[in-house]
Amino acid sequence: MSIELKNVTYTYSPGTSYQIHALKDINLEIREQEFISIMGKSGSGKTTLLKLLGLIDRPTSGKLYFKGVDSEELRGDRLAKIRRQEMGFVYQDYYLLDSLSVFENIMLPMILDHKDDKICKEEAEKLAVSFQIQNLLGKYPYELSGGEKQ
């Protein structure tokens, strides 16, 4: 298994008189190579759950395990490396850096992994061909339409 939640609860404003229980006693297991989709009405806790699964937030109570390791043990560079190399999200928002070109935005995760400059460029070009966006590589996010950003 890759990610497991055991009796996970997430509360906004814990310890105060005004608390919102976004998630309560969630048990979930997601295995490696498994694709899931999370659906529900507005305000049902989808984004909160994704933030927990992405190791961005920590549960108020319960346990979250990533590859058998308690998420409480994951910190700093180790946590950043897991997020960068072992997880994938398709965000509703684009999270592109406006100060970087499309080409540079594609290369950024590889640069953070300290890959060779030449390899970063080659991989970015391959990805651009795969997604048929070679014509956008020199543009900046603010020059793109919503569909092009996706």
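## Model and overall layout

This is a predicted model, in which local features need pLDDT of at least 70 and side-chain atom pairs count only at pLDDT 80 or more, while totals for chains, interfaces and linings use all residues. Residues are numbered from 1 along each chain as its sequence is written, and side-chain values use heavy atoms, with hydrogens and water left out.

The protein chain has five helices and four strands (DSSP runs of H or I with at least four residues, and of E with at least two, numbered from the N terminus), arranged along the sequence as β-β-α-β-β-α-α-α-α. Its C-alpha atoms fill a box of roughly 50 × 30 × 30 Å along the principal axes.

## The cavity

The structure holds one cavity of 30 Å³ or more, a cavity being a set of points on a 1 Å grid over the protein atoms alone where a 1.4 Å probe fits but cannot get out.

## Helices α3 and α4

The axes of α3 (residues 102–112) and α4 (residues 117–130) come within 9 Å and cross at roughly 125 degrees, with axes fitted to C-alpha atoms over the stretch in contact and angles running from 0 to 180 degrees between N-to-C directions. The two helices are therefore oblique to each other, the class left after under 35 degrees (roughly parallel), over 145 (roughly antiparallel) and 65 to 115 (roughly perpendicular).

In the contact (heavy atoms within 4.5 Å), F103, I106, M107, M110 and I111 of α3 meet C120, K121, E123, A124, E125 and L127 of α4. The residues of this contact divide into eight nonpolar, no polar and three charged.

Terms used: On a 1 Å grid over the protein atoms alone, a cavity is a set of points where a 1.4 Å probe fits but cannot get out, and a pocket is an open set with protein on both sides within 12 Å along at least five of seven lines; lining residues have an atom within 4 Å of a point. Grid points are joined across faces, edges and corners, and a volume is the space filled by probe spheres set on the points. Ala, Val, Leu, Ile, Met, Phe, Trp, Tyr, Cys and Pro count as nonpolar, Asp, Glu, Lys and Arg as charged, and the others, Gly among them, as polar.
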